[in-house]
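These are my notes on the model, arranged as numbered points for you to check against the coordinates. Please read them with the structure open beside the text.

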Amino acid sequence: MERNQKYQQQKSIILKHLQASEAEWQDWRWHLANRISSPLDLAHFLPLTEKEISLLRNASAHRRWAITPHYLAAIDWEQPDDPLKLQVLPWRDKTVAGCPVGLDKKETRYLLTVTNQCAIYCSYCTLTCQQGLIERHLALDLLQSTLNALAQQKKIREIVLVGGDALLLSERRLEWLLREIRKISHIRSVGIVTRTPAVLPQRITAGLCQVLNQSGPINIFTRINHPRELTLATQQALKDLVAAGAIIINQPVAMTIAQRTDLSVAN
Ligand code: SF4
């Protein structure tokens, strides 16, 4: 079956199961509120082995995992080793320390964590977004004090917003943040690392594009790891970002054979 046909077919099944409408499917907040994060809910759609269900149960106790309805529709439910499925099923029950935030070695680039929330939680991720079971954005006063400190560090040329995923901030908060960053005269470049266009393309709204456009140019570092993540909705989201003046730089994450093997142990 053709890729988009399969997506549409699986989308219909999800909508029916969640008793939701097409209008809700187009609403990014609906997707966030209806993410699948329990093994039994997932098993309603994907044929999961007993070992996979047990793995998911164990993982749920230690870390967050969640799949947007959009991303679930993009997975091929009939393929046990579907490459999109491999990216979202937690194959280890612990998070990995080693979060690359703060200043880089040359002290010219600062990676600023603004939230620990992501639309989905990836199996390979080593960032702090998966630590703790509660999703929260960085408090405004902490954000302001960090920006004040960065304004004193004249060597810094670039600020990159990292995850969590800054595109999940409200448009008002993101607009404020980008405006404050632009006030720091030695900052020449602003970027956002994001999986949102691939896993929640509905978030790329006209309002968000307007914020990016007026704060631009913004480098959007996407993590599109597989061609099948380029659904029609994702393609449109990327076009909208480009039309809003964003510079798209895709930096795919390669899953290692060891990681894949860890998951296949569950089968
Ligand atoms: S979206 Fe990015 S930060 Fe969030 S879980 Fe996936 S890899 Fe980690």
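1. Strand 4 and strand 5 pair in the parallel sense over five bridges, where helices (H or I, at least four residues) and strands (E, at least two) are DSSP runs numbered from the N terminus, and two strands pair if DSSP finds at least two bridges between them. Within this pairing, Val193 stands opposite Phe221 of strand 5.

2. A word on the basis of these notes: the model is predicted, so that local features need pLDDT of at least 70 and side-chain atom pairs count only at pLDDT 80 or more, while totals for chains, interfaces and linings use all residues. Residues are numbered from 1 along each chain as its sequence is written, and side-chain values use heavy atoms, with hydrogens and water left out.

3. Strand 4 is largely enclosed by the rest of the structure, because six of its six residues are buried (buried means under 20% relative accessible area, exposed over 50%, and partly exposed in between, with a 1.4 Å probe and protein chains only).

4. Strand 3 runs parallel to strand 2 (residues 109–113), to which five bridges join it, and Ile159 is the bridge partner of Tyr110. Four bridges join strand 3 to strand 4, again in parallel, with Leu161 standing opposite Ile192. The chain crosses from strand 3 through helix 9 to strand 4 in a right-handed β-α-β crossover, meaning that, with the strands pointing away from the viewer, the path from the first strand over the helix to the second runs clockwise.

5. Helix 9 (residues 171–182) has twelve residues and reaches 16 Å from its first C-alpha to its last, close to the 16 Å expected at 1.5 Å a residue; the expected span is 1.5 Å times one less than the number of residues. Its buried residues are Leu174, Trp176, Leu177, Leu178, Glu180 and Ile181.

6. In helix 5, which residues are buried? They are Glu52, Ile53, Leu56 and Ala59, and they cover an arc of only 130° around the axis, which puts them on the same side of helix 5 (the arc is that of the directions from the helix axis to the C-beta atoms). The face turned away from this buried side carries the exposed residues Glu50, Lys51 and Ala61. Helix 4 (39–43) and helix 7 (83–88) are among what covers the buried residues of helix 5.

7. Two backbone details deserve a look. A cis peptide bond with omega of about -5° joins Gly216 and Pro217, and Pro217 lies in the loop between helix 11 and strand 5. Gln19 has a positive phi of about 50° although it is not a glycine; Gln19 lies in the loop between helix 1 (3–18) and helix 2 (22–25) and counts as exposed at 76% relative accessibility.

Definitions and conventions: Contact means heavy atoms within 4.5 Å.
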